[in-house]
Amino acid sequence: MPEKSEKLATPEESPVIRLTDVLLVEGINRKASDILIEPLENEVRIRYRVNGFLQHGFKFPHHFLSSFLIRIKVIAKLDISESRLPQDGRFKIRTGEKVVDFRVSVVPSSFGEKIALRILDKSSLLFNIDELGFDEDAVNLLKESARKPYGMILVCGPTGCGKTTTLYSLLHLRDEPSENITTVEDPVEYEIPGINQVAINPSIGLTFAASLRSILRQDPDIIMVGEIRDAATLDVAIKSALTGHLVLSSFHAMDSAGTITRLLNMKAEPFLITSCVLLVASQRLLRRLCPSCRQPYHPDSVMCQKLKIEPDGFTFYRPQGCSVCNNSGYSGRLGIIEVLPLTAEIKDLILKRASETQIRKKMGELQIKTLWKQGSDKITSGEVSVEEFLRVIAEDEK
């Protein structure tokens with residue numbers, strides 16, 4: 001049965017209900033990914049995460065917090081009598097013509113329960129791999145691997161870099177009536193029509209590994225694992241890929257070469273990695289400069305040398321801030337992705353248990369576009385500032 005969406009308050013309803021709705025609608029209007037409600041000693045602070053950075057919202061008196069908590073817990077179907085333990089839930093609201101999902105996390109803190117709301121606005125999402133802003137060669141490699149009948153595709157990167165969106169986009173590429181697609185997630189972030197989605201529940205033994213074992217008896221063609229966290233899940237995922245299933249998953253490593261060495265450290269046999277892994281991708285999100293107010297300047301030779309860019313012929317841009325971008329200097333984000341296909345040369349290194357440094361050196365010889373190279377291309381095209389580039393991408397990712 002579909003989950004019921006909450007209606008926004010009318011003027012006659014209580015101030016707490018209206019305050020809640022103002023807070024939620026403001027988050028949607030700011031295109032925030034998260035809303036944080038943080039109790040301080042004498043007041044409650046609201047902050048919004050926009051383009052990966054927190055922005056200040058408003059504050060309200062501390063004595064409103066208990067009523068506000070009850071309102072959030074009621075619509076998220078949480079236990080209003082429990083204030084000592086963390087709780088998780090979700091709800092929907094209808095605003096205008098669209099329905100927006102919210103994921104709720106409540107944890108006890110020094111001055112009361114803190115609430116984090118993750119905004120899941122389907123209308124602002126792009127589940128089209130061609131429209132994520134990735135390099136054309138990288139997109140072609142991803143498509144080619146995603147269309148194969150079996151094997152494993154791993155997407156790595158820090159939290160909030162868009163891994164799930166990339167995986168959903170690859171599923172969308174294969175989503176046809178002839179395909180049986182199942183996902184295992186913690187939790188299910190976006191409900192996608194036509195795809196079977198399972199939310200894990202470790203408290204009752206429904207882990208990633210246990211879910212995968214059961215799903216294999218459901219005749220799947222394609223399986224998406226929200227995250228490979230442990231050796232047990234990795235073992236089942238590898239066996240699934242080897243027995244004729246296409247497995248997509250995210251993986252917590254900072255880059256493609258690091259993912260290979262981490263797989264080896266998790267006791268995956270080198271011959272199994274080379275047999276089932278099709279490619280490893282590492283991605284990041286960079287704040288895009290606001291085209292209305294970006295300021296041009298010519299970089300000095302030291303910066304060009306650091307970025308490995310010729311000093312002549314390029315104009316760099318820095319953020320300034322205007323009414324269009326809410327004085328932040330940035331407008332939205334764009335993705336960059338480093339794709340490492342398991343070529344014969346890379347497989348040979350894996351079988352020899354080569355180090356991360358050796359794999360990265362071979363990537364350079366194979367002219368694979370690293371995150372550093374793709375990010376520097378975004379600087380020279382005027383889309384990204386040097387400051388944003390250096391904030392997101394480490395020098396050891398050259």
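Predicted model: local features only at pLDDT ≥ 70, side-chain atom pairs only at ≥ 80, totals over all residues.
Visitor: Which side chains does Glu185 make polar contacts with?
Guide: One is Thr183, where the side chains are joined by a polar contact of 2.6 Å. Another is Gln197, whose side chain makes a polar contact of 3.1 Å with that of Glu185.

Visitor: And what else is Glu185 in contact with, leaving aside neighbours within four places in sequence?
Guide: The list includes Tyr168, Phe208 and Met224, along with Val198, Ala199 and Ile200.

Visitor: Where does Glu185 sit?
Guide: Glu185 is in strand S9. That strand belongs to an open sheet of seven strands, ordered S10-S9-S11-S12-S8-S13-S16, with mixed pairing.

Visitor: Which strands are at the edges?
Guide: Strand S10 (196–199) and strand S16 (330–341), each of which pairs on one side only. On average, neighbouring strands in this sheet are turned by 20 degrees against each other, ignoring direction.

Visitor: What packs on the sheet?
Guide: Helix H5 (residues 208–215) does, touching S9, S10 and S11, and its direction makes about 165 degrees with that of S9. Helix H6 (residues 231–242) also packs on the sheet and touches S8, S11 and S12, with an angle of about 135 degrees to the direction of S8.

Visitor: S11 keeps coming up. How many bridges pair S11 with S9, and how many with S12?
Guide: S9 and S11 pair in the parallel sense over four bridges, with Val184 having Val225 as its bridge partner in S11. S11 and S12 also pair in the parallel sense over four bridges, and there Ile223 has Val247 of S12 as its partner.

Visitor: Which way do the S11 side chains point?
Guide: Ile222 and Met224 point one way, while Ile223 and Val225 point the other way, and all of them are buried. In general, side chains in a regular strand alternate between the two faces of the sheet.

Visitor: What about S8 and S13: parallel or antiparallel?
Guide: Parallel, with five bridges joining S8 (residues 151–156) to S13 (residues 277–289). Val155 stands opposite Ala281 of S13.

Visitor: Switching topic, how many salt bridges are there in the whole structure?
Guide: A search finds 29. One of them pairs Arg118 with Asp34 at 2.6 Å, N to O. This pair links distant parts of the chain, with Arg118 in strand S7 and Asp34 in strand S2, 84 residues apart.

Visitor: Are those two buried or partly exposed?
Guide: Arg118 is partly exposed, at 28% relative accessible area, whereas Asp34 counts as buried at 13%.

Visitor: Where are Glu388 and Arg287, and how close do they come?
Guide: Their closest N and O atoms are 2.9 Å apart, in a salt bridge. Glu388 is in helix H13 and Arg287 in strand S13, 101 residues apart. Both residues are buried.

Visitor: What does the salt bridge between Asp130 and Lys143 tie together?
Guide: The closest N and O atoms of that pair are 2.7 Å apart. Asp130 lies in the loop between S7 and helix H3 and Lys143 in helix H3, so the pair ties together parts 13 residues apart in sequence. Asp130 is partly exposed at 48%, while Lys143 is buried at 16%.

Visitor: Which residues are linked in a network of salt bridges?
Guide: Glu38, Arg45, Arg47 and Lys114 are linked that way.

Note on methods:
Residues numbered from 1 in each chain as written. Heavy atoms only, no water. Pairing = 2+ DSSP bridges. Helix = DSSP H or I, 4+ residues; strand = E, 2+ residues; numbered from the N terminus. Axes fitted to C-alpha atoms, helices over the stretch in contact; angles between N-to-C directions. Contact = heavy atoms within 4.5 Å. Polar contact = N/O pair within 3.5 Å; in protein donor to acceptor, adjacent residues only side chain to side chain. Buried < 20%, exposed > 50% of the residue type's maximum accessible area, 1.4 Å probe, protein only. Salt bridge = Lys/Arg side-chain N within 4 Å of Asp/Glu carboxyl O.
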